[in-house]
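Here is a short note for a colleague who is new to this entry. Please read the points with the model open.

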Amino acid sequence: PPSPPPPSPPPPSPPPLLPTPEPSQPPPSPPIPTPPSPPTPPTAPSPLLPPVCPAPDQLTDGFLAQVTLVGGSPGLTVAANVRQIAPNISSDFSLLRTQPPGSKGKVQLVAGAAPYGSTATFSSAKPRAAAVEALVRTRELYVDRREMRVQYLLRGATGEAKVDLDGLHVSMRLNVTGQTSTPVSCAPPDASSGLGECGARVEESLFPSSADGGVAVSVSVEARYDGQDLVDRADAGSALLWPKVASAPLEAAGMVARLPQSPRFDGDLIEVEIRAHTGPAWYPLIGWRFVGRYNSSALTFIGQKCSSLYICASKHVTGTFTGNGVTKGETPDADVQNKTSLWLATLTFRVVASPGGVLDAFSGTVSEMGNYQDTYVRGEPMSVDDLRGGGNVVGELYVERERVVGTLAYSQGSLVNTAVLDGVSIDATVSSVALYNRYDKPFKPQVAASCSSSDAAIIEAVGSGCTLRLDAARTRGGEVSVDVTSSEHGARTRAPLYVWFPLELSVRLDDDVLQQIDGVPADACGAGVVAYQSTRASAVAAFGGAGLLTTEGLDVSGFVTFSSDNLAVAVVNGRDVSGVRAGEAVVAAAGASAQVNASTALSVSDDRVAVASLQVVVVTSVSWQLTPAVAPWEPATSSFKASARAQQAFAAEGDVGDVFASVHYADGSNHSLNASQMVVRSLTQSLQVEVAEGDSGWRVEVAKGGQRECGHLVAAEWQVCSRAVANDTAPVDLQLPNAVGIKVVLRDERGIKVTRLTPPGNSAAQPPISVGTSALFSVFVVFDNGAEPDVTDDSRTEVFLPSEQQACASISGNRLSVSAGAACPKLTIVATVPSLAPRLSGFATATVVRFARLAATIHPYPTYLSSRDLTLDALRRLSCTEFYQRAEVAVTATLSDNSTQEVTTASSLSSDASTLQAELLDGVWVVSAFAVATATFQVSFSGESTALTVSALDEGVAITDASLELDGVNAANGFTLADVKGAQRAGVARLDFADGTRIDDVIGDAGWLPPGTLVRFESDNPAAVRINNETALATLADNAPNQTTLTVVELCDAVSGMWPVAPNLLPTLADVDLGQQTGVQFQQTGGQLEVPVYANSDDGRLVNFQVDVYFNPDVFRATSCTMGSIGGFVCTINDPPERVRLLANDPVSTTSGPLVGLGTFSLEVRRSSVSLIDGFIRELIRIDDQRTEKRTSEALIVAGRGFADVTTGARERRLFYAAA
């Protein structure tokens, strides 16, 4: 190396350090003294080469490494002849079938023998679907059960179940008597199994008439990509369309029940329609009643629906259903006359019978059918349509047996047999599903199935299940058919598997001639020991099988074992081959199977080979690029490339890099050095060198105080048997940021910024003022890249106070403490970090405050929102009473910076007059007067004191205003007091006085006044709402037709205030409420009164009710009725005219709660009146969570009883009457 340059002259002394003020802080005054200048740093040792700064992409040139797969990742590495040298290092990977399609994997960079840096994640693509297998499940269809269901399975070209779904469209076609239907889109397949379903409802017109035989429908399923490219079309089989069953239409008045024509499965829901022939054309069917009887051992009743033309009622007892209906008032006669198939109701049942037979299911009797004049059908049997046709007395139902109609199987599809190389068996599972004839049960996994292989030489089935195994005993690759048999149903199917097998193996050496290393002294490694080169062995294989694409040149070094046949000439350690003495040897690679092995020749020569160079690099990270981003799956020979780029970046103290070195010989061979083969040293004080933990490598770290520089800053020496053989340097670019400022922050123990301090013992330190006597400080260096590291505890950080402040405070660790009796107006702490931020400083300032004075004032009590805005000059009598006002005392401390802090709760008060006293009430000092007097109060806080003079005058202060409010009753809810009978609400009365004071709550706040001293309370309707004169508690007693007014009256000056209340009772448990929920109970709109009806069913589901509501028919006439939230609703009005009857029966109701809507009826106002509306609970049945019935019968309505205040207008009113 050239001679080092002469040492540089020492740098000039830095100018005096002045603090760099923050923008928000003024410069400190007086000037801060200059700390001592830092010592001149020692001159760095000269590098071996002149300082040169390579381009960033050249800093890692010469890095010797290889890109490999992380274990368990899909694919194998395409073999490369030599390891690659940075900057860009890449490898190709192929035959991804070592894992299923869509699997994720990782690539890594291996330097020497160990992974380095970050990894990159990739995923394998999924193959396009290439084959379709389909099977019809619903092989018998009926006109009332015509849901066609077809199961399909997609596979890739080599049997993969996971296929590419992007742009894939699957459709089904039906073929009836040579006519092919329009394709029907199928549901997309499952992403993991490839299983999907096609469904369609066969058109009714395709079913033959009863005179014809059944019709066969053939089904095909096809798959296309992007609607164009046909993947495959599969014949799914056929289904039989059974002929329609002829029904017998009614020829005269009567009813027919229609049961399903098709077989049903256990658990199915079926519907039985009840239809009517209304009789002669001029007969309107005004009312009807029927009784249906069903086989309760085969059917469970679920519920019923009724025609909207009728008001319906029903009754159900196990095995029997009774239904009846009366036309609604608005139903035209034309809608219910001259009909041969008028729908009346539908009954829903669940099939609970054992499958496999025909059973008697349903029969019925027409109890009544009537018009306006008479009942024209009575007690006639109901005709029943069923699977046999019409005209039956008893309807039959066939319960079909659920059965398996086939099975489909799927698997990973493609496998690679590496077990013959490393002896590690590979298991694959074939999964299968059973398909059922029931349309709503597509498939379920078969937990019990057995499999067999068509060629055990390729893959063998093991155990009793469907596990197939690749191991060292297999001898070839190719396609295999796996037969799958269901152990439960005996159904059989077949799935393909494709296995790639290593066809040939070869061994490669990076260098097949190992020579003596020139430059290693004789006997350096011991007497007679010669230093020879070493090399690396690789095993390369081709994979394929009968009918499969062969993938060549795949690196399988990690699966085989390498050995030398002449240990006296060469030895093998893993993949590393080292020469021992001159001679010939054979390096062999052996797999777990005897048929998989290979070898190559190696020569060890005493010819000397020169070391051409030693390449040294420093690397900090790795970046990646994958091409393409998703690794292709097909064809099997396709590959993807992973490229790694070694990078170097040093940007801050403590940043770390790794040192790598590789030897390059004159014969073109090379190899990496491990940590024990080299010695590394730093050529600059900005870098420190160490051997990483576990002797895993050499590492450099940016030292504290490191400077921005670039050049050959690291040197490495290759040693063989402790003798130097070669050396070189590595370029390093320390792109350290420049310090641009120093920031100092003062904070307290909670992390809150501190701007004030006080000397110990000063009253300003006492709570609640709580100015601190010390503060914690933090020091940050600000760099031009935005970083602000905390250097508080850094040994290079210097912190001090200006000389004139050093008697006022002290610094210990990172705490600034004020000294007792400190007289300084402020404290400034200064920080410098000369070796990291030369010529820069920072500071933080805190004002030193002290207690100045104490003051006390009096304000209105009880307090209110703005009471502190009013200062009292004296206490006076409350209006005409003998009682005096009270006052709150506020005590305030003022500090030397003119800031103030209230200290009332921490203060004490004492009076010199017995008739004027102060007491602490809930943290407030309250002054009370008992007679005319003047007193001086001594007010004290933390040793500080002041005097407060208070007078009580014989003057009355008049009341100017009074107001009243009721808790929870306001304009937002229409001033409604809605609650159960006896509920209470608190009244709040406010009084305003002439001197600007007020009492917000006379009852709650003025506890020193006897009840009734200032006010009284009144109600204009105590029967509905009464109010207590002493407590102002309002009690809800009853409903009222109009609002009730509550009043507060002031007793001295007769000032009063009022609050409106709309009393409205809510129902207790099992009671019924009538009318509106907001405002008064009954509210007239125009000439109508809408009356909602509610019940409290909070203890269970309301399943049945009957409620009768009564009113004066001279005042009201019922005009309409609508249902609530319970099914099976019936409402009768004007029968008699003074009653509305609401009833419902819904056994499956799930409705419960404190206000369940039963229905709403409308009353027309016929004349003005205040009229009672009342009622009875005939029946209210609830079912609780334990299915216990709770019944309330023949009870008076409580919450709903009330009076309605109604009037008639002058406008003409048209009356509408509904039929009784």
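1. **Surface.** Accessible areas here come from the Shrake-Rupley method with a 1.4 Å probe. On that basis, the chain exposes about 53,700 Å². Carbon and sulfur atoms supply 49% of this area. Keep in mind that this is a predicted model.

2. **Secondary structure.** Strands number 94 in the chain. Helices number two.

3. **Overall dimensions.** The radius of gyration of the chain is 50 Å. A compact globule of 1220 residues would have a value near 33 Å. Along the principal axes, the C-alpha atoms fill a box of roughly 135 × 120 × 45 Å.

4. **Burial and contacts.** Of the 1220 residues in the chain, 48% are buried. Take the contacts between residues at least 6 apart in sequence: 68% of them join residues at least 24 apart.

5. **Charge.** The chain carries 128 negative side chains and 88 positive ones. The centres of the two sets lie 6 Å apart.

6. **Aromatic pairs.** How many aromatic pairs does the structure hold? The count is 19. Phe-290 and Phe-321 form a tilted pair, at 6.1 Å centre to centre with 35° between the planes. Phe-290 sits in strand S19 (residues 287-294) and Phe-321 in strand S22 (residues 320-327), so this pair ties together parts that are 31 residues apart in sequence. Both Phe-290 and Phe-321 are buried.

7. **A second pair from strand S19.** The ring centres of Tyr-294 and Phe-349 are 4.9 Å apart and the planes meet at 55°, so this pair is tilted. Why does the pair of Tyr-294 and Phe-349 tie together parts that are 55 residues apart in sequence? Because Tyr-294 lies in strand S19 and Phe-349 in strand S23 (residues 342-351).

8. **Burial of the second pair.** Are Tyr-294 and Phe-349 buried or exposed? The cut-off for buried is under 20% relative accessible area. Tyr-294 has 8%, so Tyr-294 is buried. Phe-349 is at 0%, so Phe-349 counts as buried too.

Methods. Residues are numbered from 1 along each chain as its sequence is written. This is a predicted model: local features need pLDDT of at least 70, side-chain atom pairs count only at pLDDT 80 or more; totals for chains, interfaces and linings use all residues. Side-chain values use heavy atoms; hydrogens and water are left out. Helices (H or I, at least four residues) and strands (E, at least two) are DSSP runs, numbered from the N terminus. The radius of gyration is taken over C-alpha atoms; the globule rule is 2.2 Å times the number of residues to the power 0.38. Buried means under 20% relative accessible area, exposed over 50%, partly exposed in between (1.4 Å probe, protein chains only). Contact means heavy atoms within 4.5 Å. Lys and Arg count as positive and Asp and Glu as negative; His and the chain ends are not counted. The place of a charge is taken as NZ of Lys, CZ of Arg, CG of Asp or CD of Glu. Rings of Phe, Tyr and Trp (its six-membered ring) pair if their centres lie within 6.5 Å; planes under 30 degrees apart count as stacked, over 60 as edge-to-face and the rest as tilted.
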